[in-house]
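Have the picture open while you read.

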Amino acid sequence: MAKKTFAASFNGLPRLVQILLLLIPVVNWVVEILVRWSSAISRRSIISLVVAILVTFFGLGFGWLDLVWCLLFKHMIFAKD
């Protein structure tokens, strides 16, 4: 049985909960870091790794971008597991 990553768990949440988590600034950054590093570890792609590193240091900007992306597509950019 495969383990469920944090990114897959986030994508499985209702859209309203995803949006609420991404609206709160500090919670937004923590969720971004958890989802990005989970996705980078499970996917093992260079794009996911670069985005995870960037989010670790510049998470607030990515958080607002992912808020809009979640509204449109129900998952974060480069984190669809």
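## Before we start

Keep in mind that this is a predicted model.

## H2 meets H3

Start with helix H2, which covers residues 15-23, and its partner H3. Their axes are 5 Å apart, and the two helices pack at an angle of about 110 degrees. Angles of 65 to 115 degrees count as roughly perpendicular, so H2 is roughly perpendicular to H3.

Who touches whom here? On the H2 side you'll find Leu21, Leu22 and Leu23, and they meet Pro25, Val27, Asn28, Val31 and Glu32 in H3. Sorted by class, the contact of H2 with H3 has six nonpolar residues, one polar and one charged.

## H3 meets H4

Now follow H3 (residues 25-43) over to helix H4 (residues 46-73). The axes of these two come within 8 Å and cross at roughly 150 degrees. Anything over 145 degrees counts as roughly antiparallel, so that label goes to H3 and H4.

The crossing of H3 and H4 is right-handed. As for the residues in the contact of H3 with H4, 12 are nonpolar, six are polar and four are charged.

## A stop at Arg43

Is Arg43 buried, exposed or partly exposed? This residue belongs to helix H3. Its relative accessible area is 40%, so Arg43 is partly exposed.

Arg43 also lets us compare chain and space: Phe78 is 35 residues away from Arg43 along the chain, and their C-alpha atoms are separated by 9.9 Å.

How values were computed. Residues are numbered from 1 along each chain as its sequence is written. This is a predicted model: local features need pLDDT of at least 70, side-chain atom pairs count only at pLDDT 80 or more; totals for chains, interfaces and linings use all residues. Side-chain values use heavy atoms; hydrogens and water are left out. Axes are lines fitted to C-alpha atoms, for helices over the stretch in contact, and angles run from 0 to 180 degrees between N-to-C directions. Helices (H or I, at least four residues) and strands (E, at least two) are DSSP runs, numbered from the N terminus. Angles under 35 degrees count as roughly parallel, over 145 as roughly antiparallel, 65 to 115 as roughly perpendicular and the rest as oblique. A crossing is left-handed if the near helix is turned anticlockwise from the far one by less than a right angle, and right-handed if clockwise. Ala, Val, Leu, Ile, Met, Phe, Trp, Tyr, Cys and Pro count as nonpolar, Asp, Glu, Lys and Arg as charged, and the others, Gly among them, as polar. Contact means heavy atoms within 4.5 Å. Buried means under 20% relative accessible area, exposed over 50%, partly exposed in between (1.4 Å probe, protein chains only).
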